[in-house]
Amino acid sequence: MSNRRNPLSSAVRYALMGSVATGMAVGLTGTALAQDQDQDEDAAVLDRVEVTGSRIKRADIESASPVFVIQREEIERSGLTSIGDLLQDLPIAGAALNTQFNNGGNGETRLNLRNLGSNRLLVLLNGRRFVSNLSGIVDLNNFPVAVIKRIEILKDGASAIYGSDAISGVVNIITRDDFEGLQANAYIGQYEGENDGETQAYDFSVGTTSDRGSIFFNASYVKAGEIFAGDRRISAEPQFGTGNAFGSSGTPQGRIGAGVLGNFGLVTDPGTNVTGPGGLGAAAFRPGDFSFGAPGTGADRFNFAPQNYLLTPQTRTNVYTQGTYDVTDDIRMRVEATFNRRQSDQLLAPTPLFLGLFGANLAERVGVAADNAFNVFGVELAASSFLLGRRLIEAGPRIFRQDNDSFRFGFGLEGSFEAFDRYFDWDVNYVYGDIDQTDVNQGRVNVQRVQSALSGQPCRDDVNGDGCVELNIFGGQGPDGQGTITPAMLNYILYTENEASGNQLLDYTANLTGELFEMPAGPLGFAVGYEHREEEGFDSPDALVSAGITSGNARQPTRGSFSVDEFYLELAVPLLSGVTGAERLDLSLATRWSDYDTFGDTLNSKIGIEWQPIDDLLLRATFSEGFRAPQIAELFAGQGDAFPTISDPCNSVDTDGDGVFDTVPALPGCAGIPNGYVQANPQIRITTGSNPNLDPETSESTTFGFVYSPSWADGLDITVDYYKIELENTIATTGAVTILQTCANTGTILCDLITRNPQGIVTDLLNANTNLGGTEIEGVDFLVSYAFPETDWGFFRVVMDAAYQGTNENQVLAQDGSGDFFTQNLLGFNIGDGSFARWRSNIDANWSYGDWEATWGIQYIHGSEEACNPADWGAFGFCNAGGDADGDGFQDNRRIGGAAYHDMQVSYFLSEYDTRLTFGVNNIFDKGPPLSVTAFANSFNVADYRVPGVFPYVRMTVDF
C-alpha cells in the first residue's frame, strides 16, 4: 500500500481532527486525539492515537466498530444547555429519564442507547469511568457544555475492552485540552406564549498551554425554569380528550366507597341523604361534602393534572479544572477535578389520603371512632369494612426537592519508552468519585397521627403526648372553596421528609500498548492492562418512610458494596496490506477477565475485522460478548412500594349494555372475585425489592457495515451499519401489568405474586428483581454527509443521521417453576410504558460565509403503536376499529402519530470585539406531541417528545 492518502482515509482523518466539523455526524468511524498539522500528501505521518472502543494506539484510526462523534461546534448549534438533552435527541437514543419527568422524576437526565436501558450503557470522562448512582446510571447533568471538546459514542458492545455495562455502547466525553485565553458565554431563552420555562446559562473559561504542560478552568451556572401541566392543553387534564373522566377518585369532597355505609346499618340514596341509627338526613351535610359510590362522571373526580409540573425546574453549578505537566521528556502528569451541584424540584397535586379498604400499609387499618368529633354518622367505621379517599387540598401541593453534589478527581501518569527497537506507551490512573444527595419532601402525611386524630376520646385525652388534634376527614371543599381541615389539624398530621443517599467510586487502572513485532502486512499491535474498582453506596429513607406509616411509598434502607479485579488483552493483527484485491485487511481481538466479590468471575471476548478492498470503501464487522454486573440497588436495596396506575383485568364489565359493570370477566385468574367488583383506586400498590443472589446479565452483539467515500463525489460520505444484540439473564422486574394480565389469562402463572382481599381489591403485588429472561434487538444505522463545493455564497453541508430498529423482543421467564418462556413481542411498542418509534432521524443543513453561520435542523420521530384497552378508551374513540384479533383483551395496536421538529440558528462574529452573537429558535413551527393513552402522565410520552411550544433563545460569546 502506497503512502498516498486514499479518499476514505482522508475523509475519516480530517473529520476526526475537526477540519470538516459541520453537521451532527462528524467522524465516520472513530476519533483521533491528535493535533491538526500541515502535512504533505505523500509524506503523511500521524501520531499514534487512541480511539474509543480500543486501547491500542495506532496511526490508522479507522475502526471495526462504528463510532459516532459530536464536535463542540455541533453542541453549540443545538441551542441546548444540557448535554443529556442533546444526546437524547440522537436517533440511536431510546426513552430515558429527563427533566420532563415529574411524577417519578428525580432531576437526572439519562441516555438509553438502542432502547436497552440506561444501565446498559457505559459513560466515560476522558476514557475513564465516571461515578454513577446506585443503579449504575450516570446523570448527564454532571457534564457542563462549556468544558466539552467532543463526544465519542461507540455503537457496539465493548465489555472486552472496558468491562461491565458496555452492552449497548460507550459514551466517551472528551474535555477541552487545548484552550488558550479567556472566554465568557451568556445564554437566555424561554417558551413563547406562556413565557415560561425560562433557561439561563452562564460560564467562564480560562486556559493556557506551554511546551511543558497546560491548564484549563471553567465555572458554569445553568438555571432552568418550570412549566405547569395546566399551561398546555394536552397535559391540563389526566387524559387529554376525556374531560376529567380519568381524574383521581380521591376528591376534595371525600369519596366513600359504594355500599360501604350499608356495612354499618346506614343507607344512602343517590343524593347525599343518609338514614340509619343516627337518623341523619340531608341537612346534616354541606352540599358537596361527599361523593358516594364508585367514581362516575368527570365531575365526580379530582383533576390533579394542572397542579403538576410538565417541565421540572433545576439549577446546576459546576466547577471543572484539568492540567497536564511534563515531569520529564518521557513522563506526563495529568490531573482533573470536577464538582457539580444540582438542585432540582418536582411538584404534585395535594396528597390523596386513602383509608380502610382504599389504604396501603398502616392506612388500610385506619377507621373512624364513633365518638370522633366530626363523625356525623354516629357509628364506628371499622377499617375492615370502610373505605374513603380524601384529597387534602388544604395542605397545598407536594414538593420534592433534591440537592445532589457530585465530585470526581482523577490523577494519572503517562509516558513512553523504547525497547527492542520499538516504542511503547503506558499509563497508570487513579479515579475517585462520589455522589451525595439529600431529598426534602413536603406535603406528606403521618398516617399514624391520622389514626390518632380519628380515634375520638384517646385523641382528646392526648394519650400519646404528641398534642393530638382531632381530624375532620368527612368535611370536604364547600361552595366557598374552603376546606374543613384546619391549619391546626394539618400541623398535627403533616411532616417534612428528609432522606439521604450516596455512592462512591474508587478506580485504579494500568495500561501498556505498543507493537510486538513486524508481520508481513505490518506490525502486530497490542494493549494489556489491569483494573481494580470498588463501589459503595447507601440510601437512608426517612424513619417514618421505613416504618411504613406515611401517605407515600414505604422503603427500607439500602447499604452495600462490591469490588472487582480485571485483566484484559487486545491485539490488532494486520493480515493483508497492498495485496492485489485487498488494500487492507485487519483483524482485532480482545478478551477481558473480571472477578467480582459478589457473583464470581466472567470472561468476555471480542473479534472484529476491517477490509478495505478499494481506496473508497471500508467493510467492517464485529462480534462481541458482554456483561452487566448487578448493581448496589439491585443487590442490596431494601423493599419498597409504589402505586402505579394500572387497569385490573378482573374489573367487572358491562355484559348486557345497561351501563352497569356487574360481571367479572370469565378469565381463569379472576375466578372467586365477586361480580360487581371495580377497582375503586386506579393506583395499585406494588412491592419492589432487591435480590443478593443475582447473576450478571450477558449479551452477544453483532455488527457489520461499510463506510463509502467515493472519489467521484468529493465531499460525500456514506455509512451503513447493521446491529443485533441478544441480552440474556436480564435483571429486571416482571412488571405489574404483565403479572396481572398473565395471572388473569392463565389462573396459575405469576398468581402467587398477587394478594387480593375478599372484595377482590389488589392489596399488594410483589415485583422484585430477578434474572428473568432476555431481550433481542436489531436494526440499522445510516449516516450520509455531503459537503458541497465552495460557492460564491459560502460553504454548505448537509448531514442525515438515521436509525431503524426492526426488532425489540422481550422474553420473560414464567414464575410457575416450569422454566418455560413466554414472549412479549414489542415490535414497535411497549405495553404499558409508552412507545418507541422504529424510525428516527436528524437532518442538519449548515451554511457559513465569512463571519456568518446558519443551521437548520429537523428531528424526525416516526409514528409508532401502543396497546389500547377498549374497556378504558373505547368510549372516547381512541382504539382502532380492528377489534381484538389475538384475544389478549387489548384492541390491536393504537397508532401514535409521528413528529418533526424544526430548529434554526443564525450567528454572526464581530471580529472587532472578538464576540459571537447567536439567535435561534427550537421547534419553530410549534409542533405538538402526539397523543398517547399508555403514557404515565401528560397524555404524551415525555421521554421521546418535546414540551409543546416555540423556544427562542440568544447567546453571546466573548473572547478576551
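This is a predicted model: local features need pLDDT of at least 70, side-chain atom pairs count only at pLDDT 80 or more; totals for chains, interfaces and linings use all residues.
Local features need pLDDT of at least 70 and side-chain atom pairs count only at pLDDT 80 or more, while totals for chains, interfaces and linings use all residues. Residues are numbered from 1 along each chain as its sequence is written, and side-chain values use heavy atoms, with hydrogens and water left out.

Start with the nonpolar cores. A nonpolar core is a set of buried Ala, Val, Leu, Ile, Met, Phe, Trp, Tyr and Cys residues joined through side-chain atoms within 4.5 Å. Buried means under 20% relative accessible area, exposed over 50%, and partly exposed in between, using a 1.4 Å probe and protein chains only. The largest nonpolar core has 35 residues. Ile70, Leu87, Phe143, Ile151 and Ile153 touch the most other members. Two or more residues of this core come from each of strand 1 (67–71), helix 3 (83–88), strand 4 (121–125), strand 6 (148–154), strand 7 (169–175), strand 22 (422–445) and strand 38 (795–813). Another core lies apart from it, with 28 residues, including Leu355, Val366, Val368 and Val450. Helices (H or I, at least four residues) and strands (E, at least two) are DSSP runs, numbered from the N terminus.

A cavity is a set of points on a 1 Å grid over the protein atoms alone, where a 1.4 Å probe fits but cannot get out; its lining residues have an atom within 4 Å of a point. Grid points are joined across faces, edges and corners, and a volume is the space filled by probe spheres set on the points. The structure has twelve cavities of 30 Å³ or more. The largest cavity holds about 950 Å³. Its lining counts 49 residues, with Leu80, Asp85, Asp89, Asn922 and Arg946 nearest the centre. Strand 40 (839–849) is among the elements that supply at least two lining residues, as are helix 2 (72–78) and helix 3. Strand 40 gives the largest share, five residues. By residue class, the lining has 16 nonpolar, 23 polar and ten charged members. Here Ala, Val, Leu, Ile, Met, Phe, Trp, Tyr, Cys and Pro count as nonpolar, Asp, Glu, Lys and Arg as charged, and the others, Gly among them, as polar.

Now the charged contacts. A salt bridge is a side-chain nitrogen of Lys or Arg within 4 Å of a carboxyl oxygen of Asp or Glu. That rule gives 41 salt bridges. Arg120 and Glu697 form one of them, with N to O at 2.8 Å. Arg120 sits in the loop between strand 3 (112–113) and strand 4, and Glu697 in strand 31 (residues 697–708), so this pair ties together parts 577 residues apart in sequence. Both Arg120 and Glu697 are buried.

Asp648 and Arg756 also form a salt bridge, their closest N and O atoms 2.8 Å apart. Asp648 lies in the loop between strand 29 (640–642) and strand 30 (686–688) and Arg756 in strand 34 (residues 754–756), so the pair ties together parts 108 residues apart in sequence. Asp648 is buried, at 2% relative accessibility. Arg756 is partly exposed, at 25%.

Arg946, named above in the cavity lining, pairs with Asp903 in a salt bridge, the closest N and O atoms being 2.9 Å apart. Asp903 is in strand 44, Arg946 in the loop between strand 45 (915–922) and strand 46, 43 residues apart. Asp903 is buried at 16% relative accessible area, and Arg946 is buried at 15%. Elsewhere, salt bridges that share partners join Arg129, Asp165, Glu531, Glu566 and Arg592 into one network.

Last, the disulfides. The whole structure holds three, each a pair of cysteine sulfur atoms within 2.5 Å. Cys459 and Cys468 form one, with sulfur atoms 2.1 Å apart. The torsion about their S-S bond is about -105°, so this disulfide is left-handed. Cys650 joins Cys670, S to S 2.0 Å. This link is left-handed too, with -85° about the S-S bond. Cys650 and Cys670 are both buried.

Cys743 and Cys751 form a disulfide with sulfur atoms 2.1 Å apart. Its torsion is about 110°, so it is right-handed. Cys743 is one of the buried residues of helix 10. In helix 10 (residues 736–746), eight of eleven residues are buried. Just after helix 10, Gly747 takes a positive phi of about 80°.

Conventions: On a 1 Å grid over the protein atoms alone, a cavity is a set of points where a 1.4 Å probe fits but cannot get out, and a pocket is an open set with protein on both sides within 12 Å along at least five of seven lines; lining residues have an atom within 4 Å of a point.
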